[in-house]
Structures are given as C-alpha cells and as structure tokens.
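Colleague: I would like to go through the labels used for the pockets, cavities and surface of this model. Please set each one against its definition.

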Amino acid sequence: MKKEEILGFIGAFLGWVFDSMDATIYALVMVSALKELLKNQGIANTESHVGFYGGLIFSLFLIGWAIGGVSFGYVADKIGRVRALTITIGLYSLFTGLSSLSQNVWELAIFRFITAIGIGGEWAGGATLVAEIFKKKNRIFASSLLQSAWAVGFLIASLIYFTIGRYHSWRAMFLIGIVPAILALVFRLFVKESEEWLSNKNTFSYIKSLKLLFTKEYKNQTIVGALLAFVAVFGLWGVTNWTPALISYILHKKDIAYYVGLGSIALNIGALFGYIAFGITTRFLGIKNTFMLFFAGSFLMGLTTFLYAKSFDKLLISLALLGFFNNGVFSGFSIYFPQAYPSFIRATGAGFCFNVGRTLASIGPFITGYITYLSGSVARAGAIASSIYLVGVLVALFLKEKNYLQ
C-alpha cells in the first residue's frame, strides 16, 4: 500500500470512529438526560413522555444529518474531500460538547440537530475519499473496513459510558464528545487530496450533477439506493437505538447504567463483525443478495430482541446478532454508492442517495416514540418498527449488479 492510501484511510477511519461515537452518545444517555430536562420543564418524566420527546429529538437529528450529507456532498465535490472532512469533524465535535450545557429539551434538540449536520457531511466525504485513493481490486475490502469504523466508534462510546458515564452526569458524556476536534487539525495537516478529485475538480457543476443522477445511466442506483438507505436508517434509529431504553425499562436493576453499557458493548461487537462480513459476503453472493440477507436477518433479530429475549443473558446474544445484521448492512452503502458514479459527481451522488433516504427515515424514531407513547411500551414499539426491514428485502430485488462489485 502507498503512503497516501494508508494516511488517507487512517484519517477517514478515525473521522468515522468519532463520527459514530458522537452520534451514539445521545442514545446511551437519552433516558437520564430527558428525565432531568423534562423535570426542569415541569413535565412528567414517564416512559411515555421520555419515548415521545426522545423520538422527536432522534428525528430532528436525522433531518440535520440528511441536510449535512447533501450539502457537504456538494462541498466535498467543490472544494475537495479533505477540506470538507476537516470542517465536518470540527462541527460535530463542537456541538456535541455544547449539548452538555442544555437546560431544556429544546436546547438539546437544537445542539443535536447541528451536530448531525457535521456527522452527515463527514460520511459522504470519507466514503468518497477512500473509494478514490484505493485501486479497484482493493476498494470493496477498504470500503467495508472503513464502515467498521462505525462499530469501533459505537464501541468506544459504550466503553466510555460503561467506565465513566455511569458514574457521572449525562453531561459528562457529551463533554467528552468534543475531543475529536483535535483530529480535524491533524487530518488537515497530514492527509492529501485524492488525485482523482484534483484531475476532475474543474468539471464540477452542482445543478448539472443533480440532473445527471436521474439520467437513464444512473436513475436505477439513485432511486433504489435512496430507498435502501431509507430502510437501513429507519431501522437503525427506529429500532437499534432504542435498545438502551429497552434495557432501562425491562430490567429492574439498581445499577441500570451497568446493564445498558454491557448491552451496548454486545450490540457493537456484533456490528463490528457485521460490517466486515458484509464485504466478504458480497464477493460470494453479490451486492443484491447480501443486502437481502442482512435485511432479513435484521427483521428476525429485531423481533427476537424486543419481544422474546426476556433474560439479560439472552438479550446480550440477541443484541450482538441484531448489531451484526442491521449495522452491518451499512457497509453496503460505502461499497455501492461511491462506485456507482464517476468522480465528478461521486460525493454528490453518494451524499444525495444516502441522505434523501435519511430524510425519509427521519420519521422513524418519531413513529417509534409515538407508538411508545400510545402503548406505554418500548418493547412493543421496537418490535413493530422492525417490520421496516421487510421493505428492504423487497427493494433490494430491484438493485442491479455491477461488474465493479465483483
């Protein structure tokens, strides 16, 4: 491997690690944070109210994520992948730290919304940079390995919560999230722009790029890709990120933070293997069948986790398998999107597809929260939300295999 490939991959990988770490913190502290903030506002901090406001903030987060992904896809094609990544890392770090200062639910919602703009923008730039600096024969493995950075970030957030967060206020967890800002400076100093972008930068036109996404040549991957992203993101935020709340309410333990931390660690260890396994499976089954397999597995494990895993030991196993499937499926996007378009519209195409899907999916957490509000049960709401993965299986049927994925 060349020096620029190693440095570029490490920079993008660490950017994604802290990206996912800052994204995960809210799910871990949601119950404790909202109980305090709702009490400050004179609102009853029941499971129903925590579910309603928690889902609302999740949904606003996804809208911000989508805005960041689309807008910084444009920025990455306009000013370069490295510059765009530097800006987004600084943005999500700063506003994660500011979340620790929240005095009410709406302040927390605003801080999480702006954090999400940076997190969403970082995805498109990172996936595109790695796709461009690696040769074709290494791209699938590199892209799949890059997606595993999300599991590493989730795992780091879980470990921080398990070792530090459960002994301190939820505010301390958000404050730790400012650390990645240091990475932005290091990233800018040592990572070079991709040669492919440098040779094509003068051909970029945003309006022209958007039109190209819907021409005959690219229409299938744009529509199908956006729908696949919708299902995966809906499931992640409407199902997986409710598992800490599930543990909080179904286990009657004194040190509930201990069990939430263990559950999150189990889920993200499974996710780490899932990210890598998706890329390996793609080589044997193709991208279409691999998407279908992982969506089907996500549906089955969603039902098992929320309805049938009653003991904590069984819950740990089901969480690991749930993480394997419904986090692992995201490797498909870092493999598929950057290679579905030519360089001059690559970040725009990847950002557009992933974040249009995310915009549509932003209603997912709110739906789960609202079902929790109506039924008074996180378990029932999560099980119902898991049915979205059946839609993913159907959508994947329309995905066209490409030779570059072989």
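Colleague: Which element supplies the largest share of the lining of the second largest pocket?

Modeller: H1 does, with 7 residues. The model is predicted, so local features need pLDDT of at least 70 and side-chain atom pairs count only at pLDDT 80 or more, while totals for chains, interfaces and linings use all residues. Residues are numbered from 1 along each chain as its sequence is written, and side-chain values use heavy atoms, without hydrogens and water.

Colleague: What makes a space a pocket rather than a cavity?

Modeller: On a 1 Å grid over the protein atoms alone, a pocket is an open set of points with protein on both sides within 12 Å along at least five of seven lines, whereas a cavity is a set where a 1.4 Å probe fits but cannot get out; lining residues have an atom within 4 Å of a point. The second largest pocket holds about 220 Å³ of space. Among its 20 lining residues, Leu28, Ser32, Tyr161, Ile256 and Ala257 are the closest to its centre.

Colleague: How are the lining residues of the second largest pocket divided by class?

Modeller: There are 12 nonpolar, 5 polar and 3 charged residues. Ala, Val, Leu, Ile, Met, Phe, Trp, Tyr, Cys and Pro count as nonpolar, Asp, Glu, Lys and Arg as charged, and the others, Gly among them, as polar.

Colleague: How many cavities of 30 Å³ or more does a search of the whole structure find?

Modeller: The search finds 3. The largest cavity has a volume of about 130 Å³. Of its 17 lining residues, Asn241, Thr243, Ser264, Leu267 and Asn268 are the closest to the centre. H12 gives the most to this lining, with 5 residues. By class, the lining of the largest cavity has 9 nonpolar, 8 polar and no charged residues.

Colleague: And what lines the second largest cavity?

Modeller: That cavity has about 80 Å³ of space and 13 lining residues, with Trp65, Trp150, Leu236, Phe330 and Phe354 nearest its centre. The lining divides into 10 nonpolar, 2 polar and 1 charged.

Colleague: Why is Leu189 called exposed?

Modeller: Exposed means over 50% relative accessible area, buried under 20%, and partly exposed in between (1.4 Å probe, protein chains only). Leu189 has 61% relative accessibility, so Leu189 counts as exposed. Leu189 lies in helix H7, which gives the most to the nonpolar patch, with 4 residues.

Note on methods:
Points joined across faces, edges and corners; volume = space filled by probe spheres on them. Helix = DSSP H or I, 4+ residues; strand = E, 2+ residues; numbered from the N terminus.
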